[in-house]
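Please look at the sequence and the structure shown here before reading the report. It treats a contact between helices and then the pockets.

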Amino acid sequence: MGIYPEYFKHADPEIVETCDKVVKFLQQLGGEVEYIEIAELEEVKVSHIIAIISEFVTGMKEDYTEHLAKLSPEVAMILSSASSISALTYVTANKQRTRSINYLRDHVFNKVDVILTPATAITAPRIEPHHLTHGLSDQKLTADSMRYVSIGNFTGIPCLSIPVGYDKQGLPIGFQIMGRWWEDHLVLRIGNAVESYMENKLTRPKVHYDILQK
């Protein structure tokens, strides 16, 4: 199990403390931790944003032009900015994708089977009434929310997020497992072990829909 310490700890203290306990639990089950480094995370973050918003605006081109007034302000702003991204910038971002894939293959997954991180660096932010009418554009909030998902989403490795506790406000804290390409089964097996850590500890939210209930 690979952990990049500086990356793992780049989250709210409550989240780091909770996720540390999960790692110790997995060690008690026989898992071995090896400290790793994941290079160029800042480049990954920027390239990931460029790539996904370019693909957003391409996939939503008809909706964007015909239904702009129906989009929330922050979505309209993101799509508008994405429209100005050049082909050269998009191709450069995807070169970083290939570079990151090669790095994970040759320098991370040659040493460990999975990468462990918190799922997010913060718990869910409060939605204020004016956010619903005027939208919200907060780059720090977005960065904190997406810190641990960029590398997986960008490189296409299987990732699993599991609730493992709550902060002082009762908001859920997530734990993330990332594995090699095509090794979803291993990610799910470790996820199943993590779920046993939270057995009888999860609380049902006030608004709850059981999608598996017939």
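In helix H3, the residues Glu43, Val44, Ser47, Ile50, Ala51, Ser54 and Glu55 meet Thr89, Tyr90, Ala93, Gln96, Arg97 and Ser100 in helix H6, where contact means heavy atoms within 4.5 Å. By class, this contact of H3 with H6 has 5 nonpolar, 5 polar and 3 charged residues. This is a predicted model, in which local features need pLDDT of at least 70 and side-chain atom pairs count only at pLDDT 80 or more, while totals for chains, interfaces and linings use all residues. Residues are numbered from 1 along each chain as its sequence is written, and side-chain values use heavy atoms, with hydrogens and water left out.

H3 and H6 (residues 87-108) pack at an angle of about 125°, with their axes 9 Å apart. That makes H3 oblique to H6, a word for angles that are not under 35 degrees (roughly parallel), over 145 (roughly antiparallel) or 65 to 115 (roughly perpendicular).

A pocket is an open set of points on a 1 Å grid, where a 1.4 Å probe fits, with protein on both sides within 12 Å along at least five of seven lines, and its lining residues have an atom within 4 Å of a point.

| Pocket | Volume |
|---|---|
| Largest pocket | About 560 Å³ |
| Second largest pocket | About 410 Å³ |

Of the 13 residues that line the second largest pocket, Tyr166, Pro172, Thr203, Arg204 and Pro205 are the closest to its centre. The largest pocket is lined by 21 residues, and Ile49, Ile78, Gln139, Thr142 and Met146 lie nearest its centre. Helices H3 (41-59), H5 (73-82) and H8 (139-146) each give two or more residues to the lining of the largest pocket.

Methods. Grid points are joined across faces, edges and corners, and a volume is the space filled by probe spheres set on the points. Helices (H or I, at least four residues) and strands (E, at least two) are DSSP runs, numbered from the N terminus. Axes are lines fitted to C-alpha atoms, for helices over the stretch in contact, and angles run from 0 to 180 degrees between N-to-C directions. Ala, Val, Leu, Ile, Met, Phe, Trp, Tyr, Cys and Pro count as nonpolar, Asp, Glu, Lys and Arg as charged, and the others, Gly among them, as polar.
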